[in-house]
Amino acid sequence: MVQPVHITGVGGYLPERILTNAELASLVDTTDDWIVERTGIRERHIIAGNQHTSDLAVEAARQALDDAGLKPSDLDALVVATTTPDMIFPSTAAVVQSKLGASGFPVWDIQAVCSGFVYGLAQITGMMEAGMFRRVLLVGAESMSRILNWKDRTTCVLFGDGAGAVVLECMDGEGGIMGSVLNADGSYRPLLMAKHPHPGASPDMPDMRIDAAGIAAIEMRGNEVFRTAVNKLGEVVGQVLEHCHTEVSDVDWLIPHQANIRIINATAKKLKLGTERVAITVDKHANTSSASVPLALNTYYREGKVKEGQLILLEAFGAGFVWGANLLRWTKG
Ligand code: UT7
């Protein structure tokens with residue numbers, strides 16, 4: 001009999017350095033008011049010069065493993081969702097496995113940009129339900145500051161760095177991951193991309209400089225991304241609720257991708273879900289791409305807001321475009 005997949009550990013990590021909107025206003029032609037009003041972002045965390053994406057992932061992974069009462073050697077697989085890997089290869093997951101002092105189980109990265117964690121949760125749950133693994137660590141980790149053009153005010157104010165992680169275990173008992181819906185339309189790719197290499201990008205702030213030969217800087221047609229995100233997210237959350245034979249009125253928490261407070265509010269409004277049931281961390285974290293959903297989950301879990309038995313809806317939308325949603329019953333306590 002298939003055992004359900006439960007989240008048994010949660011972790012998160014944000015680098016120490018906080019970059020405020022006021023600081024950004026001294027770099028590019030912007031204001032705190034504009035950023036707060038149009039995005040809801042007040043500050044973001046920025047990776048230190050001597051850190052890599054894998055270092056953020058390791059911190060979040062350790063916290064999630066501690067929370068689950070497990071050691072790295074207890075894992076059957078480790079997956080990192082990232083669009084800002086340490087290098088082209090080996091995978092960041094391989095680096096994380098080694099930094100955790102573990103070996104002897106499969107590791108791989110998932111590249112679904114901002115939807116990486118939601119895609120990863122769907123993929124791993126399917127593999128676990130098929131009997132391949134019993135204990136898996138899934139991390140979303142990003143150093144978005146490394147692929148920003150710090151002269152482009154339309155993008156550099158939007159992103160931040162960080163990592164979030166969950167331990168997934170097959171266990172008896174009601175609840176756990178109930179279902180997922182994923183989707184994509186690659187014809188939208190010109191609206192949001194980071195081409196590699198990007199010879200024009202030259203970060204002004206020393207601790208934001210990448211020492212690779214070339215960096216890819218994010219280019220985005222924000223307005224069009226915004227409109228499509230609201231439509232596709234509205235669609236996919238409806239689909240996952242239907243897939244799991246659940247009503248929106250049963251949802252206790254929507255934990256959405258944290259790109260823009262206006263996208264989050266518009267999705268909640270479409271769902272007729274009150275804002276008191278929507279997790280918001282975009283003000284403090286900005287858009288951390290694949291780390292955004294697990295970081296928000298970790299924040300609300302550690303603040304004691306996510307409680308035993310609650311129905312939790314996760315969703316994300318990112319470049320491609322790729323988007324998706326997962327529904328789960330919280331069993332972690
Ligand atoms: O993770 C998934 C991927 N990303 C997203 O989901 C982001 C989706 N898009 C957005 O969040 C929003 O479209 C933005 C926050 C990027 C932009 O907000 P908007 O309300 O769509 O503004 P806009 O692009 O229509 O720009 C309005 C004005 C423009 O000036 P003009 O042409 O009206 O004179 C921009 O040049 O705001 C200007 N502007 C800025 N002004 C001050 C753009 N960026 C800034 C800035 N500071 N940082």
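Modeller: A polar contact is a pair of N or O atoms within 3.5 Å; inside the protein, one atom must be able to donate a hydrogen and the other to accept it, and residues adjacent in sequence count only if both atoms are side-chain atoms. This is a predicted model, in which local features need pLDDT of at least 70 and side-chain atom pairs pLDDT 80 or more, while totals for chains, interfaces and linings use all residues. Residues are numbered from 1 along each chain as its sequence is written, and side-chain values use heavy atoms, leaving out hydrogens and water.

Biologist: What makes the pair Asn287 and Ser289 a polar contact?

Modeller: A polar atom of the Asn287 side chain lies 2.8 Å from the backbone nitrogen of Ser289, and the limit is 3.5 Å, so the pair qualifies. The side chains of Asn287 and His257 are also joined, at 3.4 Å.

Biologist: Why is Asn287 called buried?

Modeller: Buried means under 20% relative accessible area, exposed over 50%, and partly exposed in between, with a 1.4 Å probe and protein chains only. Asn287 has 5%, so the word buried applies. Asn287 is found in the loop between α9 (282–285) and α10 (292–302); helices here are DSSP runs of H or I with at least four residues, strands are runs of E with at least two, and both are numbered from the N terminus.

Biologist: Which residues beyond four places in sequence is Asn287 in contact with?

Modeller: Contact means heavy atoms within 4.5 Å. Among the residues that meet this are Cys114, Met144, Phe159 and His257.

Biologist: What places Asn287 around the ligand?

Modeller: A residue is near a molecule if one of its heavy atoms lies within 4 Å of it. Of the 23 residues around the ligand, Asn287 is one of those that come nearest, with Thr30, Arg38, Asn223 and Asn260.

Biologist: Which side chains have polar atoms within reach of ligand oxygen atoms?

Modeller: Asn223 has a side-chain N or O atom 2.6 Å from a ligand oxygen. For His257 the distance from a polar side-chain atom to a ligand oxygen is 2.9 Å, and for Arg262 it is 2.9 Å. Taken alone the ligand exposes 950 Å², of which the protein buries 73%; the areas come from the Shrake-Rupley method.

Biologist: Which helix gives the most to the shell around the ligand?

Modeller: α7 does, with four residues. Helices α2 (32–39), α6 (153–156), α7 (222–243) and α8 (261–271) each supply at least two.

Biologist: How do you know that β6 and β7 pair?

Modeller: Two strands pair if DSSP finds at least two bridges between them. Nine bridges join β6 (residues 135–143) to β7 (residues 161–170), so they pair, and they run antiparallel. Arg135 has Glu169 in β7 as its bridge partner, and Ser143 stands opposite Asp161. β1 is joined to β7 by eight bridges, also antiparallel.

Biologist: Why do β1 and β5 stand at the edges?

Modeller: The open sheet has the order β1-β7-β6-β4-β5, with mixed pairing. β1 (5–13) and β5 (107–110) each have a single partner strand, so one side of each is left without a neighbour in the sheet.

Biologist: What makes β7 mostly covered?

Modeller: In β7, 10 of its 10 residues are buried.

Definitions and conventions. Areas by Shrake-Rupley, 256 points an atom, 1.4 Å probe, with all protein chains shown as cover.
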